[in-house]
Amino acid sequence: MAHTRTDGSAGRPAAWSRALIAASALLLVAGAASGCAGGDTTLDGSAGQGPSEIVVGAGDGAESRILAEIYAGALRSTGASVVTDGGLGDRTAYLGQLDAGNVNLVPEFTGRLLRYYDPESTETEQDEVFEALSKALPQGLSISDFAAAEDRSALAVASQTSGQLDLTSLDELVPSCTTSTAVLAPAFEADALPDLTGCTFAQTRTVADDAAAVGELAAPAPSDAALRVAGVTTASPDVSDADLVLLADDEHVFTAQNVVPLFRIGTLTEAQLKALNVVAGELTTADLADMIGQVRGGADSADVARVWLDAHL
C-alpha cells in the first residue's frame, strides 16, 4: 500500500508538565537488562543519543495519523530532526516496519497492543494493562507513559433515558438487560459482554459504524425491548458530539485503551522521552475525538496536530 512521508515543524518548545517519568525509566531498565544491543540504554534509565533522523510511523486510520504528527511535533520541540511516514497499513504492517527498523516510533493503544502481543492476556484495568504490556513487548521495544486519552469500549444511553431511569453505570443497567437491545459498532469490544455479570441482552445487533449505533438510540425501541443501548468507543467523534451518557465501568469490564507511544529502545534521548511524557500529561479523549472529527472532515492531520501542539506544549 502506498504511503506518504512528510517533514515539518510544530509547536513551541516543550515545557515539563505533570507527566510521570518513572514508568518510562523502569521500562528502559528492563530493556537494558534484556540485552539491548550497543549499550544505548543504561541501568539508570538514560537513553542513547538517538538517530540523526527520527521516523514516526502511522497506520491508515485518522487517529494513527494524528497521533503520529503529535508525537513528531513533540520530538521536534527538542531540536530533533523528525519525519512522519504515514499510510503504513494495519497494525501488523506498521509493527513490521517498526521491527525492521524502518520507523523508530508508532502511536498505539495499550489494550489492543497487549492483545496483539499476548492474545491470552486478561488484564483490563489501565495500570494492569500497561504493566502487562511492558512485559509482553518483544526485546528491543519499549513504551513510555500512557495518556488519559483513550479509545476504550463503552455502553451508552441517550441522556434523556439516563435521566428518566437514573441510569449512569453498568451495574445499574444489569437489571434491565433482559428487556434491552444492544446495538454495537464494529470497533466495540463485544467479546467482553459476557463478563458483564448478570446481563444478557434480549437482542444484540452489530451496525455499520458508531454513527449508526448512536442514531439507533434516537429511534423508538422495539416492542419487546424496554431499553436500547449503544456499544461504541470513546474517541469516536460521533460519540463525543452526541447527547449521550457513557455508562460508568467501575469493574473494568472493557479493556483499557490508552494512547501510548511504542518505540525502538536506544533511538530516543532523555529529553525526547520527556517530550513524549508531556504529551501523555496533556492529551485528553475529548481532544483526540475532536481532532479525529476534523481529519475525517477533510482537514490535514499535520495541521490539526500543529494547532494542538501550539496550545499544549
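Q: What is the relative accessible area of R91?
A: This is a predicted model, in which local features need pLDDT of at least 70, side-chain atom pairs count only at pLDDT 80 or more, and totals for chains, interfaces and linings use all residues. Residues are numbered from 1 along each chain as its sequence is written, while side-chain values use heavy atoms, with hydrogens and water left out. R91 falls in the partly exposed class, which lies between buried (under 20% relative accessible area) and exposed (over 50%), using a 1.4 Å probe and protein chains only. The value for R91 is 23%.

Q: With which residue does E108 form a salt bridge?
A: E108 is buried, its relative accessible area being 1%. In its salt bridge (a side-chain nitrogen of Lys or Arg within 4 Å of a carboxyl oxygen of Asp or Glu), the closest N and O atoms are 2.6 Å apart. The partner of E108 is R91.

Q: How many residues apart in sequence are the parts that E108 and R91 tie together?
A: The salt bridge joins E108 to R91. E108 belongs to strand 4 (residues 105-109) and R91 to helix 3 (residues 91-99), where helices (H or I, at least four residues) and strands (E, at least two) are DSSP runs numbered from the N terminus. Because the two residues sit in these separate elements, their pair ties together parts whose distance in sequence is 17 residues.

Q: In which helix does E216, the salt-bridge partner of R228, lie?
A: R228 and E216 are both buried, and the closest N and O atoms of their salt bridge are 3.9 Å apart. R228 lies in strand 9 (residues 227-233), so the pair ties together parts 12 residues apart in sequence, with E216 in helix 8 (residues 210-216).
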